[in-house]
Amino acid sequence: MSKLPVLVTGGAGYIGSHAVLTLHDADWQVVVADNLSNGRREAVPAGVPLVEVDVGDEACMEAVLREHGIQAIMHFAGSIVVPESVSDPHFYYRNNTVASHALIGAALKAGVRHVLFSSTAATYGAPETVPIDEDTPTRPINPYGHSKLMTEQMLRDCAAAYGFNYGALRYFNVAGADPKGRSGQAGKGATHLLKVACEAAVGKRTHVDVFGTDYPTPDGTCIRDYIHVSDLASAHVLALEGLIADPATSFTMNCGYGRGTSVLEMLDALDRVNGTPVKRVMGERRAGDPPQLVASNRRLVERLGWQPAYADSETIIRSALEWERRLNR
Ligand SMILES: NC(=O)c1ccc[n+]([C@@H]2O[C@H](COP(=O)([O-])OP(=O)(O)OC[C@H]3O[C@@H](n4cnc5c(N)ncnc54)[C@H](O)[C@@H]3O)[C@@H](O)[C@H]2O)c1
Ligand SMILES: O=c1ccn([C@@H]2O[C@H](COP(=O)(O)OP(=O)(O)O[C@H]3O[C@H](CO)[C@H](O)[C@H](O)[C@H]3O)[C@@H](O)[C@H]2O)c(=O)[nH]1
């Protein structure tokens, strides 16, 4: 397999930094582009160049792509908090959709051949049945989901017209940290369930709010498909290899385990791993939360041969908790 030079946008952030580690471990030539708005310089391994740049700056991105002879892009950079996208949609369309438009423009000018895009289960909205496969209609229920779906559409049309190929990976709920402790979730103002719960476990918060206990699920709390960030990173490398091996084909693939876990089941598992219970405060539903999101991952497994290594819930939680303790030291 030829290992083309790869640009990772958002590579100083949570998921991007794990993809960088996986690529770097496998001897790919990697360059990171990140404006550090929510990323950390320390998350980029020694020996990997970090270019501090906004991906929405088309001229700068074109120069970066040309300077490093980039042939493939993994595009993680963007804004990720669903409620924030509801209160400030203009910013979300700019930082996700408009910035991606600029990046695609730069990629076209610099002759990039492959683009792998971080999409999301939020593109599906609130489907009535699970598991969700890639043919499920996309009906986002918030600006975040729309901003990502619009980028998928731009990639589809531009790939058909200009002759590069792309992969859109729709992540379900990403959690956990590098098993070797080299990276983890460290962005500002955590909102994700496991991150918030781990902060409570190490004493950075007093409790975890449980957003809604009256959903139509067995225990009344929302069900999600939590995927370990390092398994997601390995899916990216397989997807990149797939794009390189078959340049005439683009694809959209869900990334999840196909397993649903409720909020209370996650918190129970955290208590078992932690040994001490984290205080829970049962509260109202949070706006915009679909009751359940569980992936069908058949495409990822069958087409790319993906084999997750960290799927066990307690493994995910242990890695997240160890990372949180490390951050707290
Ligand atoms: N975390 C999840 O559960 C989840 C789920 C589905 C999809 N995603 C997608 O995965 C990607 C990465 O998410 P994450 O959780 O690692 O978030 P993150 O905030 O940790 O990482 C995003 C990185 O992009 C950088 N960035 C943001 N805007 C930029 C810009 N305009 N120019 C350059 N750099 C910029 C930030 O500094 C940060 O380092 C995002 O595109 C997100 O939408 C995340
Ligand atoms: O303090 C908290 C935080 C979350 N939750 C609940 O835990 C579940 C998961 O919430 P997260 O905030 O961890 O994640 P989301 O499901 O809202 O969203 C995440 O996964 C989505 C896809 O499934 C999108 O990709 C999105 O970008 C990403 O943030 C939800 O039912 C939420 O209500 C709580 O009860 N308390």
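I began with α6 and α10, whose crossing is right-handed. The model I am reading is a predicted one.

I then looked up which residues make this contact. From α6 I listed L194, K195, C198, E199 and A201, and from α10 I listed I316, I317, A320, L321, E324 and L327. Sorted by class, the residues where α6 meets α10 are 8 nonpolar, 3 charged and no polar.

Next I took down the geometry. Helix α6 covers residues 193-201 and helix α10 covers residues 313-328; their axes are 9 Å apart and the packing angle is about 55 degrees.

I turned to a second pair, α1 (residues 14-25) and α7 (residues 229-245). Here I noted an angle of about 60 degrees and axes 8 Å apart. The pair α1 and α7 is therefore oblique, and its crossing is right-handed.

For the α1 side of the contact I wrote down Y14, I15, H18, A19, T22 and L23; they meet V229, S230, L232, A233, S234, V237 and L240 of α7. The class count for α1 with α7 is 9 nonpolar, 4 polar and no charged residues.

Last, I checked ligand 1. I found 28 residues around ligand 1, of which I15, D34, N38, Y144 and K148 come nearest. I15 is also on my list for the contact of α1 with α7.

I recorded backbone contacts to oxygen atoms of ligand 1 as well. A polar backbone atom of S37 is 3.1 Å from an oxygen atom of the ligand. For G39, a backbone N or O atom lies 3.1 Å from a ligand 1 oxygen. For V174, the distance from a backbone N or O atom to an oxygen atom of ligand 1 is 3.4 Å.

Conventions
Residues numbered from 1 in each chain as written. Chains lettered and ligands numbered in written order. Predicted model: local features only at pLDDT ≥ 70, side-chain atom pairs only at ≥ 80, totals over all residues. Heavy atoms only, no water. Axes fitted to C-alpha atoms, helices over the stretch in contact; angles between N-to-C directions. Helix = DSSP H or I, 4+ residues; strand = E, 2+ residues; numbered from the N terminus. Left-handed = near helix turned anticlockwise from the far one by under 90°. Contact = heavy atoms within 4.5 Å. Nonpolar A, V, L, I, M, F, W, Y, C, P; charged D, E, K, R; others polar. Near = heavy atom within 4 Å. Polar contact = N/O pair within 3.5 Å; in protein donor to acceptor, adjacent residues only side chain to side chain. Parallel < 35°, antiparallel > 145°, perpendicular 65-115°, else oblique.
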